[in-house]
Amino acid sequence: MSTSGKIAAAGVVAAIVLFLTAGFWVGLLVLIGVPAVAYLALDPSQRRRLRGVTSNRKRIGR
(Lines give C-alpha, C1' and ligand atoms only; values in the text may rest on other atoms or scores of the structure.)
Protein backbone atom coordinates (compact mmCIF):
# COMPACT_ATOMS: atom_id res chain seq x y z
CA MET A 1 0.00 0.00 0.00
CA SER A 2 1.31 3.46 -0.87
CA THR A 3 2.05 6.11 1.74
CA SER A 4 -0.94 8.21 0.69
CA GLY A 5 -3.16 5.14 0.94
CA LYS A 6 -1.96 4.45 4.47
CA ILE A 7 -2.61 8.07 5.44
CA ALA A 8 -6.12 7.92 3.96
CA ALA A 9 -6.89 4.68 5.80
CA ALA A 10 -5.63 6.15 9.08
CA GLY A 11 -7.79 9.22 8.48
CA VAL A 12 -10.89 7.10 7.98
CA VAL A 13 -10.21 5.13 11.17
CA ALA A 14 -9.56 8.35 13.12
CA ALA A 15 -12.78 9.89 11.77
CA ILE A 16 -14.85 6.86 12.81
CA VAL A 17 -13.35 6.90 16.31
CA LEU A 18 -13.89 10.66 16.57
CA PHE A 19 -17.51 10.39 15.43
CA LEU A 20 -18.21 7.68 17.99
CA THR A 21 -16.52 9.43 20.91
CA ALA A 22 -17.13 13.14 20.33
CA GLY A 23 -20.26 13.27 18.22
CA PHE A 24 -20.99 13.96 14.59
CA TRP A 25 -20.64 17.76 14.46
CA VAL A 26 -17.42 17.89 16.47
CA GLY A 27 -15.95 15.13 14.32
CA LEU A 28 -17.00 16.88 11.12
CA LEU A 29 -15.55 20.17 12.35
CA VAL A 30 -12.20 18.53 13.13
CA LEU A 31 -12.22 16.56 9.86
CA ILE A 32 -12.73 19.71 7.78
CA GLY A 33 -11.00 22.23 10.04
CA VAL A 34 -7.60 20.59 10.45
CA PRO A 35 -6.74 20.43 6.71
CA ALA A 36 -8.14 23.94 6.18
CA VAL A 37 -6.02 25.41 8.98
CA ALA A 38 -2.97 23.52 7.72
CA TYR A 39 -3.48 24.97 4.22
CA LEU A 40 -3.94 28.48 5.57
CA ALA A 41 -0.77 28.11 7.65
CA LEU A 42 1.30 27.78 4.45
CA ASP A 43 2.92 30.90 3.05
CA PRO A 44 1.85 32.00 -0.47
CA SER A 45 4.81 30.39 -2.27
CA GLN A 46 4.09 27.04 -0.64
CA ARG A 47 0.41 27.30 -1.60
CA ARG A 48 1.40 28.02 -5.22
CA ARG A 49 3.70 25.01 -5.25
CA LEU A 50 0.95 22.81 -3.78
CA ARG A 51 -1.54 23.95 -6.42
CA GLY A 52 1.08 23.25 -9.10
CA VAL A 53 1.61 19.72 -7.83
CA THR A 54 -2.09 18.91 -7.87
CA SER A 55 -2.59 20.36 -11.37
CA ASN A 56 0.43 18.39 -12.67
CA ARG A 57 -1.06 15.23 -11.22
CA LYS A 58 -4.29 15.89 -13.13
CA ARG A 59 -2.38 16.42 -16.39
CA ILE A 60 -0.42 13.20 -15.94
CA GLY A 61 -3.62 11.19 -15.54
CA ARG A 62 -5.05 12.27 -18.90
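Q: How do the axes of H1 and H2 sit relative to each other?
A: This is a predicted model, and in it the axes of helix H1, residues 3–22, and helix H2, residues 24–40, come within 7 Å and cross at roughly 145 degrees. The crossing in which H1 passes H2 is right-handed.

Q: And which residues make the contact?
A: From H1 the contact takes Ala15, Leu18, Phe19 and Ala22, while H2 contributes Phe24, Val26, Gly27, Leu28, Val30 and Leu31. Sorted by class, the contact between H1 and H2 has 9 nonpolar residues and 1 polar residue, with no charged residues.

Q: Switching to rings, how many aromatic pairs turn up in the whole structure?
A: A search of the whole structure gives 2 aromatic pairs. In one of them, Phe24 and Trp25 have ring centres 4.9 Å apart and planes at 80 degrees, and because an angle over 60 degrees counts as edge-to-face, the pair is assigned to that class.

Q: Which residues do the ring pairs link into a cluster?
A: Phe19, Phe24 and Trp25 are linked into a cluster by ring pairs, and Phe19 and Phe24 are also among the residues that make the contact between H1 and H2.

Conventions:
Residues numbered from 1 in each chain as written. Predicted model: local features only at pLDDT ≥ 70, side-chain atom pairs only at ≥ 80, totals over all residues. Heavy atoms only, no water. Axes fitted to C-alpha atoms, helices over the stretch in contact; angles between N-to-C directions. Helix = DSSP H or I, 4+ residues; strand = E, 2+ residues; numbered from the N terminus. Left-handed = near helix turned anticlockwise from the far one by under 90°. Contact = heavy atoms within 4.5 Å. Nonpolar A, V, L, I, M, F, W, Y, C, P; charged D, E, K, R; others polar. Phe/Tyr/Trp six-rings, centres within 6.5 Å; stacked < 30°, edge-to-face > 60°.
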